[in-house]
Amino acid sequence: MFWKFDLHTTSHIDTLLEKEDVTLTEVMDEEDVLQECKAQNHKLVDFLVRPQYMEDLVTYITQEPSDDVEEKIKYKYPNISCELLTSDVGQINDRLGEDESLLMKLYGFLQNESPLNPLLASFFSKVLSILIGRKPEQIVEFLRKREDFVDLMIKHIGTSAIMDLLLRMLTCVEPQQLRQDVLNWLNEEKVIQRLVDMVQPCQDEDRHSNASQSLCEIIRLSRDQMFQVQGCSEPDPLLATLEKQETVEQLLSNIFDKEKNDSAIVSVIQILLTLFETRRPAHPSFSVNQSILEAVRPRLKDFHQLLLEPPKKNIMKTTWGVLDPPVGNTRLNVVRLVASLLQTNTHIINMELINLNTLGVILDMYFKYIWNNFLHLQVEICTAMILAMPPAQSENLKIDSDQEPVRESHLLKHLFQKCQFLQRILDAWSSNEKAQAEGGRRQGYMGHLTRIANSIVHNSDKGPNGAQIQQLISELTEDDKERWETFISGQLADTNKRNTVDLAFSDYQMQQMTSNFIEQFGFNDEEFADQDDVVDIPFDRISDINFSLNTNESANIALFEACCKEKIQQFEDAGSDEEDIWDEKDVTFAPEAQRHDALLFCDGCPVVSGPLWTANFDDIPMDTGSSTAMGESAPASTTAAPASPSSPAVIPESAGWSSSNASPDKAMGWADFSSNFSPVR
């Protein structure tokens, strides 16, 4: 019915575009211009794709606005221009991607001097990214013809939007062959080596961070792509270049052969941590490349020295006290690197760490910085891996007679003997209890220390190095051995008992999901998995279901039947003398004299056997045609015998309107009973 009243809305854009002298700014001032463009309004799209207006739109996003413009609307038109160009309208994409003059104007933004305007850079990156996704062949061909493209990208790598554009070129190119061509082209332009050169002390922190993040993302994207496209015969050239020994050596040389710079060191460590990532260990291409370890091993002494002499940090005042020096981001990341190196479980790396006593230095930091839980977590990871990892493949074998050769862990032996691991745990625990007894605070590392102690106990019983751990404990002095046994059975057991929450989800909260918990709670985690993978799970325990019901059926049946008979007894007694409550009865009224006799008393309680209301006809004049008869019958009614309590009150035939002499043909009206009824009291 809306069309009946012509209520359809007409866009202001259509009305505006009908003007002959309309300008681009007038169109962009309309509030619904973006919605109409995305809705592909034909008049609007035809207007925007005109050569002059397309050039104006590109100009808005590549040139700095005038300083005379008010600040709050300074970037209004550049922002709207970017949204119009990236509205993913086919005609706009075609005109922009196929017009080389427009592409050159857009490309000219990269040729500006550093630093680029970050907002305009984001507009430029967004427009070029959508063109790469929609017109990959044309855009890649255009960029490859620009000899200074890679140089300009590296030059402006400190701008985050340019870094994003570089990564877009690796992810937005859909055809596999074209993507491989892009990778080969970027590798030939030595983009990896140029990014590595950005991570050195002479560069600013933004370049360090963005170059490092670019290299990390290239590693992850390349590895994920290799896993997804397993049939691809050509390896990723950028990843291969990054994993070369000379590339890693160049990274390490940038931070150790020159002045120490905290930002550069952290950025290089981030790259190394990404190289050590094995997110998909089942795939052979994700194992740690041996060349990386060969490049890192000679520099372990330099990382060890960073733990002892980090880059200069100012004294930090905290609510707990003064940190001089604080842990710092450098040393924290070095400890993270050591944890990743331990995870590789390589003999040459393990022996180098033992010779340097790096684990001892890390433990010293653990007990010194009692409130730095970031550090405590990394130290816990290091000790947990040493306790749980099997010995490295090249470890020396201990041969026992009549038994298979037993491989011992040098790291484990170093941790218990040289670092005095157990003694330091016991001393720290005693120190904490003494401080708390004197009214002090509980040390910040006690939670992690409890987990470390539990890890020792667990691995000594069930771990792959259990026999060696028990042997190392037995080699302690009698005093230390007694202290350890007392600690396990006393303080540690009490702490574990206090930490155990007596709730259904306690095991889950403590991250100790066990099969016993699953059995007791009544469900298992497989019930929440993909149903396609666990179709047969509901039938695994079908034999355990007991369908028998231990009930006394005969007693229940008898009780039910007795209850039913009691409820329906009044309907079954056909010969009973009781009156049927459903039978229809004639309604009769008792005179005033009989009304008083209807009130009975049963066990002290009044009982009304007649109706609650009675009619009094003594003073009601009624024209019945024979007034004398009515007058003569009145005394008879007053002297009548009272009705028995068990019978209803009856009006004699000579009373009132029941006189036989009354003639219905001569009746003049109806009797009024409204004022002559009185309730029984």
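Residues are numbered from 1 along each chain as its sequence is written, and side-chain values use heavy atoms, with hydrogens and water left out.

Is Thr 450 buried or exposed? Thr 450 counts as buried because its relative accessibility is 5%; buried means under 20% relative accessible area, exposed over 50%, and partly exposed in between, with a 1.4 Å probe and protein chains only. Leaving aside neighbours within four places in sequence, I listed Trp 429, Arg 442, Leu 492, Thr 495, Asn 496 and Asn 499 as its contacts, a contact being heavy atoms within 4.5 Å.

**Helices α26 and α27**

I then turned to the packing of α26 (residues 421-437) with α27 (residues 446-462), where the angle is about 140° and the axes are 11 Å apart; axes are lines fitted to C-alpha atoms, for helices over the stretch in contact, and angles run from 0 to 180 degrees between N-to-C directions. The two helices are therefore oblique to each other, since angles under 35 degrees count as roughly parallel, over 145 as roughly antiparallel, 65 to 115 as roughly perpendicular, and the rest as oblique.

Which residues meet between α26 and α27? From α26 I noted Phe 421, Leu 422, Ile 425, Ala 428, Trp 429 and Asn 432, which meet Met 446, Leu 449, Thr 450, Ile 452 and Ile 456 of α27.

**Helix α25**

In helix α25 (residues 410-418) I found Leu 411, Leu 412, His 414, Leu 415 and Phe 416 to be the buried residues. Gln 420 follows α25 and has a positive phi, near 50°.

**Phe 124**

Phe 124 lies in helix α9, and this residue is buried, with a relative accessible area of 1%.

**Backbone entries**

Most residues other than glycine have a negative phi, and most peptide bonds are trans. I recorded a cis peptide bond joining Ser 114 and Pro 115, with omega about -5°, and Pro 115 sits in the loop between α8 (100-107) and α9 (118-134). Another cis peptide bond joins Asp 324 and Pro 325, also with omega about -5°; Pro 325 is in the loop between β2 (322-323) and α21 (328-344).

Gln 40 has a positive phi, near 60°, and is placed in the loop between α3 (33-38) and α4 (42-48); Gln 40 is partly exposed, with a relative accessible area of 42%.

**Confidence**

I noted a mean pLDDT of 79 for the protein chain, with 69% of its residues reaching 70 or more; pLDDT is the predictor's confidence in each residue, from 0 to 100. Over residues 281-286 pLDDT stays under 50, and the model has ten contacts beyond four places in sequence for this stretch. Where pLDDT is low, the predicted coordinates should not be read in detail.

Definitions and conventions:
Predicted model: local features only at pLDDT ≥ 70, side-chain atom pairs only at ≥ 80, totals over all residues. Helix = DSSP H or I, 4+ residues; strand = E, 2+ residues; numbered from the N terminus.
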